[in-house]
Amino acid sequence: MILEAVMLHVKPGMESEFESSFKTASKIISSIKGYLSHELHRCIEVNGKYLLLVRWETLESHTVEFRSSADYQEWKKLLHHFYEPFPTVEHFEAVEI
């Protein structure tokens, strides 16, 4: 399992619209082959800051299956205009402890 972690900074005053659009976008991402689950968290201390966590079966499920799909174009259209600055996406794997 791969964990995608993204810190999102939504433009001031657009938080409600972003959250509404994200609900729609959630249906898109959840239909992608290799998708497992996702969560969106709103920061308590900083307005407009969110943490997106997405679990994928493999790295390629995100970087190839999702990003090369027509659905990704719709995802971008729904969400990318909210971000300032544009987020950095990072991928993590579990460490056995």
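1. Basis of the note. This is a predicted model, in which local features need pLDDT of at least 70 and side-chain atom pairs count only at pLDDT 80 or more, while totals for chains, interfaces and linings use all residues. Residues are numbered from 1 along each chain as its sequence is written, and side-chain values use heavy atoms, with hydrogens and water left out.

2. Terms for the secondary structure. Helices (H or I, at least four residues) and strands (E, at least two) are DSSP runs, numbered from the N terminus. Two strands are said to pair if DSSP finds at least two bridges between them.

3. Strand pairing. Strand 1 (residues 2-9) runs antiparallel to strand 3, and eight bridges join them; V6 stands opposite L52 of strand 3. Strand 1 also pairs with strand 4 (residues 89-93), again in the antiparallel sense, over five bridges. In that pairing L3 faces F92 of strand 4.

4. The hairpin and G48. Six residues separate strand 2 from strand 3 in a hairpin, and G48 in its turn has a positive phi of about 85 degrees. As background, most residues other than glycine have a negative phi. Why does G48 count as buried? The reason is its relative accessibility of 8%, since buried means under 20% relative accessible area, exposed over 50% and partly exposed in between (1.4 Å probe, protein chains only).

5. Surroundings of G48 and E15. Contact here means heavy atoms within 4.5 Å. Not counting residues up to four places away in sequence, G48 touches L8, H9, V10 and E15. The C-alpha atoms of G48 and F18 are 9.4 Å apart in space, although these residues are 30 apart in sequence. E15 lies in helix 1. Leaving aside neighbours within four places in sequence, E15 is in contact with V10, N47, G48 and Y50. E15 and N47 are 32 residues apart in sequence, with 8.3 Å between their C-alpha atoms.

6. Helix 2. The buried residues of helix 2 include S61, H62 and F66. Seen down the helix axis, the buried residues of helix 2 fall within an arc of 95 degrees, so they line one face of the helix. The arc is that of the directions from the helix axis to the C-beta atoms. Among the elements that cover these buried residues are strand 1, helix 1, strand 3, helix 3 and strand 4.

7. Helix 3. In helix 3 (residues 70-79), Y72, W75, L78 and L79 are buried. The buried residues lie within an arc of 120 degrees when viewed down the axis of helix 3, so they line one face of the helix. They pack against helix 1 (15-29), strand 3 and helix 2 (59-66). On the other side of helix 3, A70 and K77 are exposed.

8. The largest pocket. On a 1 Å grid over the protein atoms alone, a pocket is an open set of points where a 1.4 Å probe fits, with protein on both sides within 12 Å along at least five of seven lines; lining residues have an atom within 4 Å of a point. The largest pocket has a volume of about 190 Å³, the volume being the space filled by probe spheres set on the points, which are joined across faces, edges and corners. Of its 16 lining residues, E4, R67, W75, H80 and V89 are the closest to the centre. Strand 1, strand 3, helix 2 and helix 3 each supply at least two lining residues, and the largest share, three residues, comes from strand 1.

9. The cis peptide bond. Which form does the peptide bond from E84 to P85 take, cis or trans? The bond is cis, with omega near 0 degrees. P85 lies in the loop between helix 3 and strand 4. In general, most peptide bonds are trans.
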